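Here is a walk through one protein chain, written for someone who likes to check the details against the model. Have a look at the fold before reading on.

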Amino acid sequence: MPKDIGKKIKSLRLSYGMTQEELANKADVSKSIISAYEKGNRNPSFEVLEKISEIFNVKEVYFFETDEINEDMLDLSKLYEYQKTIIRQVYQEFVRANHYEEKYDNLSLELLSLDVDMDDDDEYDDI
């Protein structure tokens, strides 16, 4: 199994505002097992991964997708290390956003496309 499954479990858990104990109860495992998954010390069985997928409303394949950008995908060799880090973070955010767009049927795009007309609001005239 990929080594970053635990990171994805933790990221989903935190984005749902859930504790390890809450996730453990919903997935029918112990808190220490969730901790071991998140630390990468242990991988969940397919049955547990299926439960976790259902809890977070993601497809099981999400845990096996890579979020990494490597030199084969994009030539980053002429960039400074901090610039490479920024590109990797932006890429990961896009991957995460795409995941949630599927979940919410493009709700995030609709929210982003809301047009707010600041000219009609008098309280912003002095800014």
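What follows goes from the overall fold to the core, the charged pairs and the surface.

## Ground rules

This is a predicted model, so local features need pLDDT of at least 70 and side-chain atom pairs count only at pLDDT 80 or more, while totals for chains, interfaces and linings use all residues. Residues are numbered from 1 along each chain as its sequence is written, and side-chain values use heavy atoms, with hydrogens and water left out.

## The overall fold

The chain has 6 helices and 0 strands, which reads along the sequence as α-α-α-α-α-α. Helices here are DSSP runs of H or I with at least four residues, strands are runs of E with at least two, and both are numbered from the N terminus.

Of the 127 residues in the chain, 29% are buried. Buried means under 20% relative accessible area, exposed means over 50%, and partly exposed is in between, using a 1.4 Å probe and protein chains only. The chain exposes about 9300 Å², and carbon and sulfur atoms supply 50% of that; the areas come from the Shrake-Rupley method with a 1.4 Å probe, and for residues only the protein chains shown count as cover. As for contacts (heavy atoms within 4.5 Å), residues 24 or more positions apart account for 55% of those with a separation of 6 or more.

## The core

Which residues have the most contacts inside the largest nonpolar core? They are I9, L23, V29, Y37, I52, F56 and F63, in a core of 18 residues. Helices α1 (5–15), α2 (20–27), α3 (31–39) and α4 (46–56) each supply at least two residues of this core, and α4 gives the most, with 4 residues. A nonpolar core, for the record, is a set of buried Ala, Val, Leu, Ile, Met, Phe, Trp, Tyr and Cys residues joined through side-chain atoms within 4.5 Å.

Just after α3, G40 takes a positive phi of about 80°.

## Charged pairs

Side chains of opposite charge can pair when their charged atoms come close. The rule used here for a salt bridge is a side-chain nitrogen of Lys or Arg within 4 Å of a carboxyl oxygen of Asp or Glu, and the count comes to 2 salt bridges.

One of them joins R13 and E38, with the closest N and O atoms 2.5 Å apart. R13 lies in helix α1 and E38 in helix α3, so the pair ties together parts that are 25 residues apart in sequence. Is R13 buried or exposed? R13 is buried, at 7% relative accessible area, and E38 is buried too, at 9%. Setting aside neighbours within four places in sequence, E38 is in contact with G6, K7, I9, K10, R13 and Q20.

K51 and D28 also form a salt bridge, with the closest N and O atoms 3.3 Å apart. Here K51 sits in helix α4 and D28 in the loop between α2 and α3, so the pair ties together parts 23 residues apart in sequence. K51 is partly exposed, with a relative accessible area of 33%, whereas D28 counts as exposed at 58%.

F94 is in helix α5 (residues 81–103) and counts as exposed, at 54% relative accessibility.

The whole structure has 4 aromatic pairs. Among them, Y80 and Y82 are stacked, at 6.1 Å centre to centre and 10° between the planes. Rings of Phe, Tyr and Trp (its six-membered ring) pair if their centres lie within 6.5 Å; planes under 30 degrees apart count as stacked, over 60 as edge-to-face and the rest as tilted. Y80 is exposed at 58% relative accessibility, and Y82 is exposed at 54%.

## A loop residue

N57 belongs to the loop between α4 and α5 and counts as partly exposed, at 49% relative accessibility.
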